[in-house]
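User: Hi! I'm new to this one and would like a friendly tour. Could you walk me through it?
Analyst: Happy to, here it is.

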Amino acid sequence: MELRELKKAFREAYQKETEHVYFSPGRVNLIGEHTDYNGGYVFPCALSFGTYLLIAKNDGQVLRFRSLNMPEVTEVSLDRLTTPLAKNHWVNYPLGCIAQFVKRGYSLTQGYDILIWGNVPAGAGLSSSAALEVVTAYAFNDLMQTGLDRTELAKIGQASEHEFAGVNCGIMDQFASAQGKKDHAIFLNCDTLQFTLVPVKLDGIKVVISNTHSPHKLDSGAYNDRVAQCHLALEQLRSVRPNLKNLAELTQAEFDEIQSAITDEVAHRRARHVVGEVQRTKDAVEALQKGDIVTFGQLMNQSHVSLRDDYEVTGLHLDTLAQEAWKIDGVLGSRMTGGGFGGCTVSLVRDEAIEQFKEQVSKAYKEKTGITPDFYVAQISDGAQKIE
Ligand code: GLA
C-alpha cells in the first residue's frame, strides 16, 4: 500500500491528518539460530517489508490503536499504559513498548491516534511482531524526546515481548529491526550486544526466502520450552564449571570435555546444537568476509540439520523446502530461518538457477504437503526510520 493510501485510511479512521510516519522492518536470519537467548552470535539482516506507524495527537487522555490488518479501534487510557490487554490482543505489542518508557520513568501525558499497517507476510517467521514493537519504540522515542539509542529501543521491544506477549525471546529480531543497514547483515554478539555490519555483496547470487505457509507455528509454549531446556543444560554444566555464564561461551572442545554433566538427554542435544551453531556462525561470517560463499552455504545446510535433529524445530514443511533446495545445483545453501516449525527457509541461489529453484521446490513441496509455497528475493534494507 502506498503512503498516500495509508494517509487516506488514517483520515477516514480519525477524521484528521497524519502528523508523522515511521517504519521498521522485518528480518531474515542468515545463520545463528536459537543462539541469541544463550548469549551466542546471530547474523540477521533487515528486509524491505515491515510495519508502518502513522500518528497524530488527540485531545483525549487516551491512545487509540487501529490496524489496517485488523480493523477495530482499541482505546487505552494514559493511566493504564502498564497493564496488558487480553492475552493475544495485537495491541499488547505496541502497548508493551510504551509501558517500557513509563517503567523507565518517562511519563506520557499527551494522547495519540495511531494507525498501523504491515506488509511482512503474516505468520512467516519474518518478525512482524518485532517490526511492530520497534516501530512503536522508535516513534515514541522521537515523540517523547527520550533520546534512547537503537540498542535500547531493541531492548524495549524484547521486554514488551516478554512482559506483554509472554514469549521469552532473545534480542535478535528487535535488534535487526532497529539496527539493520541496507546490503549488510548484522554480526551480533547477543551477550555483549556488540555488533559489526558485514556487507552482503553476492555477485550473481540472491538471498531467496521460501514461505512454507504452514499452519504449524513455533508457539510461545514450544519456544519457551527450548529456552528452559537450555537453562537446564546450563545449570547442570555449572556443577562442573560454576562460573559458566551461558552455553554459547563454550568452544566445541570445552563442551566435549564436560558434556556428560548434562544428564537430561533432551537438554544435552539442545546444548550441543547451541555450541555447534555458535561456531558455525563465526565460521560463516569469516567465510563471507573472504568471499567464500560455498563454505557459507555448507554451514547453512549444517545449521539446518542441527536444528532438525538436535533442536527439533523444523518438521515436514521446513525440511521439505530445505532438502529439496539442496538437490539443486545452483543452490549454495538452504536452511530454516527464525523460530521454526512453520515460517520460512532462507537460501542462497545463483541467479541462473532461481527459476528452476522455484519450480522444482514448489512442485516437490506441493506434492508432499498439498500447500503452494511462496518465494521472495530478499532486499536487504535499513532499520527503523522516520519517514516524515
Ligand atoms: C525467534 C525469536 C528470536 C530467536 C529466534 C531463533 O525469532 O524471537 O529471539 O530466538 O526465534 O533464533
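Analyst: One term before we start: a polar contact is a pair of N or O atoms within 3.5 Å, and within protein one must be able to donate a hydrogen and the other to accept it. Also keep in mind that this is a predicted model.

User: Thanks! Which backbone oxygen does the side chain of H34 reach?
Analyst: That of G339, at 2.7 Å.

User: And where is H34 found?
Analyst: H34 is in the loop between β1 (20–29) and β2 (41–42).

User: Is H34 buried or exposed?
Analyst: H34 counts as buried because its relative accessibility is 5%, and the cut-off for buried is under 20%.

User: What is H34 in contact with?
Analyst: Setting aside neighbours within four places in sequence, H34 is in contact with L218, Y223, H273, V274, L307, Y311, V313, G338 and G339. H34 is also one of the residues around the ligand.

User: Oh, a ligand! Which residues are around the ligand?
Analyst: They are R27, E33, H34, D36, Y37, C169, G170, M172, D173, Y223, G338 and G339. By type, this shell divides into four nonpolar, four polar and four charged residues.

User: How far from an oxygen atom of the ligand is the polar side-chain atom of E33?
Analyst: For E33 the distance is 2.7 Å. A polar side-chain atom of D173 lies 2.6 Å from an oxygen atom of the ligand. G339 takes part through its backbone, where a polar atom is 3.4 Å from a ligand oxygen.

User: How much of the ligand's exposed area does the protein bury?
Analyst: The ligand taken alone exposes 310 Å², and the protein buries 91% of that.

User: What do the buried residues of α6 pack against?
Analyst: They pack against α7 (252–258) and α8 (265–289). Besides Y223, the buried residues of α6 include A222, N224, R226, V227 and Q229.

User: What about the loop leading up to α6?
Analyst: H213 lies there, between β9 (205–211) and α6. H213 is partly exposed because its relative accessible area is 38%. The side chains of H213 and D374 are joined by a polar contact of 2.8 Å. Leaving aside neighbours within four places in sequence, H213 is in contact with G343, I371, T372, P373 and D374.

User: Changing topic: how many residues of α3 are buried?
Analyst: The count is 12 of the 16 residues, so α3 is largely enclosed by the rest of the structure. The buried ones include L132, E133, V134, F140 and N141. Helix α3 runs over residues 128–143 and reaches 22 Å from first C-alpha to last, close to the 22 Å expected at 1.5 Å a residue.

User: What follows α3?
Analyst: Q145 follows α3, with a positive phi near 50 degrees.

User: Why point out a positive phi?
Analyst: Because most residues other than glycine have a negative phi.

User: Which loop holds L193?
Analyst: L193 lies in the loop between β7 (184–189) and β8 (195–199). L193 has a positive phi of about 65 degrees although it is not a glycine. L193 is buried, since its relative accessible area is 16%.

User: And what is phi of E312?
Analyst: Phi of E312 is near 55 degrees, a positive value in a residue other than glycine. E312 lies in the loop between α9 and α10, and counts as partly exposed because its relative accessibility is 34%.

User: Is D310 buried or exposed?
Analyst: D310 counts as buried because its relative accessibility is 11%. D310 lies in the loop between α9 (293–309) and α10 (316–326). Apart from neighbours within four places in sequence, D310 is in contact with R269, R270, R272, H273 and V305.

User: Last one: where does the chain place E2?
Analyst: E2 lies in the segment before α1 (3–14), and counts as partly exposed because its relative accessibility is 48%.

Definitions and conventions:
Residues are numbered from 1 along each chain as its sequence is written. This is a predicted model: local features need pLDDT of at least 70, side-chain atom pairs count only at pLDDT 80 or more; totals for chains, interfaces and linings use all residues. Side-chain values use heavy atoms; hydrogens and water are left out. Buried means under 20% relative accessible area, exposed over 50%, partly exposed in between (1.4 Å probe, protein chains only). Helices (H or I, at least four residues) and strands (E, at least two) are DSSP runs, numbered from the N terminus. Contact means heavy atoms within 4.5 Å. A residue is near a molecule or strand if one of its heavy atoms lies within 4 Å of it. Accessible areas come from the Shrake-Rupley method with a 1.4 Å probe; for residues, only the protein chains shown count as cover. Ala, Val, Leu, Ile, Met, Phe, Trp, Tyr, Cys and Pro count as nonpolar, Asp, Glu, Lys and Arg as charged, and the others, Gly among them, as polar. The expected span of a helix is 1.5 Å times one less than its number of residues.
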